Amino acid sequence: MSQTVNHFIGGQFTPSQSGQTFESYNPATEELVAVAAKGDAVDVDAAVQAAKAAYQNWRLMPAPRRGEILYRVAEILQERKDKIARLMTTEMGKVLAEARGDVQEAIDMAYYMGGEGRRLLGYTAPVEMPNKFGMAIRDSVGIVGLVTPWNFPVAVPSWKILPALVAGNCVVWKPGEDCPAVSIMFAEVFKDAGLPDGVLNVVLGAGETGAALVNHPDVRVISFTGSTDTGLKVYTQAAALGKKVTLEMGGKNAIIVLDDANLNLAVDAINWSAFGTTGQRCTATSRLIVQKGIKSRLVEALVAKAKSLKLGFGLEDGVEVGPLVNQKALNKVSSYMDVAKAEGVNVLVGGKRPSDMPKGFFFEPTLLDGVKAGMRVEQEEIFGPVLSIIEVETFEEAIRINNSVKYGLSSSIFTENVNAAFRAIRDLTTGIVYINHGTTGAEIQFPFGGTRGTGNGMREAGQAGLDSFTEWKSVYVDYSGQLQRAQIDNRE
Ligand code: UN1
């Protein structure tokens, strides 16, 4: 049975002024999940006006009080975790255990950013003149616009909404068009936690809706997570209007396995990082860079594991891998099998839709062998359950191949050699580095983001996550009662 979902503007759940709607489907069963309001520039403007009306009171609320509302958000999320996770699985396909993990990330972030209500640390430093005091404090920016994807319907928005709110901003959020119902269920948590009307607003829709938000003159900050194509458009449009932008885009993450690695650990981590969330994570492992001596044993174990994985609707018991999100994603992943064949790559397992599953956008966990550095399947983000295997002779070759893609989000190395591990920490040029752990599983108290084409140098989460949503204000207090000039003005 499907439901109707509306925008969340000024504390009210409202349809689009145009009356337009769009639909979301269960990607495992292809059944209708929700009919959602489709926002345009008029709805976005209504949301921005609601945010502006709420801003003066919200920014003046003491930050510890704002933090207490976030603690309440965490508690309600905890109570509703299972309900939200079930709708998430139904609407975008990740299996229930992962959907629960997605909500848990938001709970963790709500507690963390709630605590920022009593920190939001700035600093003081000595000043040049007597009887003068200096400090740098974080200030809110105003109205911030958030554009988020469907693959982490609650976690990724929480990384943006929660720091934005604790810092005193008001938010207009455009969620992914494949998950409107779970997004609105998340927004309800904020309403029920006592967030004042208009502080958080949600406008549902697709690209047109996001573009209206990015181009709205009163939105000073844009934080975007999604595809590289869209992200770069967002960056260009926002830059033309002088906005501050945070981008999190693609990944082409590798696990390096050296000859001395613990094989069982590596197999488990590779399997989970490559095929968890059906490979639809920006942190997913899509390349295995493996040293020659361990390769045949490792690949044999990985093939056995991939064949054993149970595909299906993620609310059903025992299902380990859900579907891809929609037909378009399935077409894209399938098209890369033609690319792989044309490049002379060997499909060890998978490479096709499962023949016994006529409904749903399923694709078999896939291992591609004989991949060489520089091939398209080695360079381009496929965003599906496809792992390219690249054989190397040496540690140096492995590092060089890891670093030779346009993205730089996450990387990992399996080795029992502490010297090799520390050299890898020094030489891997990604924003996140793991030792003896897969490429996924970043925790919210550390900066999250990537180098090179993954982003634009900003980070989310941790203390760094506040930078997107705050302005530094430097304050000088002269309590001398005399005319004083800073030394720098007096120096000849
Ligand atoms: C994403 O895929 O956009 O580290 C985020 C991880 C998760 C977040 C992934 N905590 O894989």
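**Entry 1: the ligand site**

I started at the ligand and listed the residues around it: Glu105, Asn151, Phe152, Val156, Trp159, Arg281, Cys282, Thr283, Thr440, Gly441, Ala442 and Phe448. I kept in mind that this model is predicted.

Next I looked up single atom pairs. Which ligand atom lies 2.6 Å from a polar side-chain atom of Glu105? I found a nitrogen atom there. For Cys282, I noted a backbone N or O atom 2.8 Å from an oxygen atom of the ligand. For Gly441, I read 2.9 Å between a polar backbone atom and an oxygen atom of the ligand.

**Entry 2: the domains**

I then looked up how the protein is divided. Domain 1 covers 3–249 + 455–475, and domain 2 covers 253–435. I noted 31 Å between their C-alpha centres.

**Entry 3: where the domains meet**

How many residues of domain 1 are in contact with domain 2? I noted 21, facing 25 residues of domain 2. The two domains bury about 1,900 Å² between them, and 62% of that is on carbon and sulfur atoms. I looked for salt bridges across this interface and noted 0. For polar contacts between the domains, I wrote down 7 residue pairs.

Last, I looked at the domain 1 side. Helices α3 (81–92) and α4 (96–116) each supply at least two residues of it. The largest share, 4 residues, comes from α3. By class, I recorded 8 nonpolar, 7 polar and 6 charged residues on this side.

Conventions:
Residues are numbered from 1 along each chain as its sequence is written. This is a predicted model: local features need pLDDT of at least 70, side-chain atom pairs count only at pLDDT 80 or more; totals for chains, interfaces and linings use all residues. Side-chain values use heavy atoms; hydrogens and water are left out. Domain bounds come from an automatic or database domain assignment. Contact means heavy atoms within 4.5 Å. Buried area is the accessible area (1.4 Å probe) that two parts lose on being put together, summed over both. A salt bridge is a side-chain nitrogen of Lys or Arg within 4 Å of a carboxyl oxygen of Asp or Glu. A polar contact is a pair of N or O atoms within 3.5 Å; within protein, one must be able to donate a hydrogen and the other to accept it, and residues adjacent in sequence count only if both atoms are side-chain atoms. Ala, Val, Leu, Ile, Met, Phe, Trp, Tyr, Cys and Pro count as nonpolar, Asp, Glu, Lys and Arg as charged, and the others, Gly among them, as polar. A residue is near a molecule or strand if one of its heavy atoms lies within 4 Å of it.
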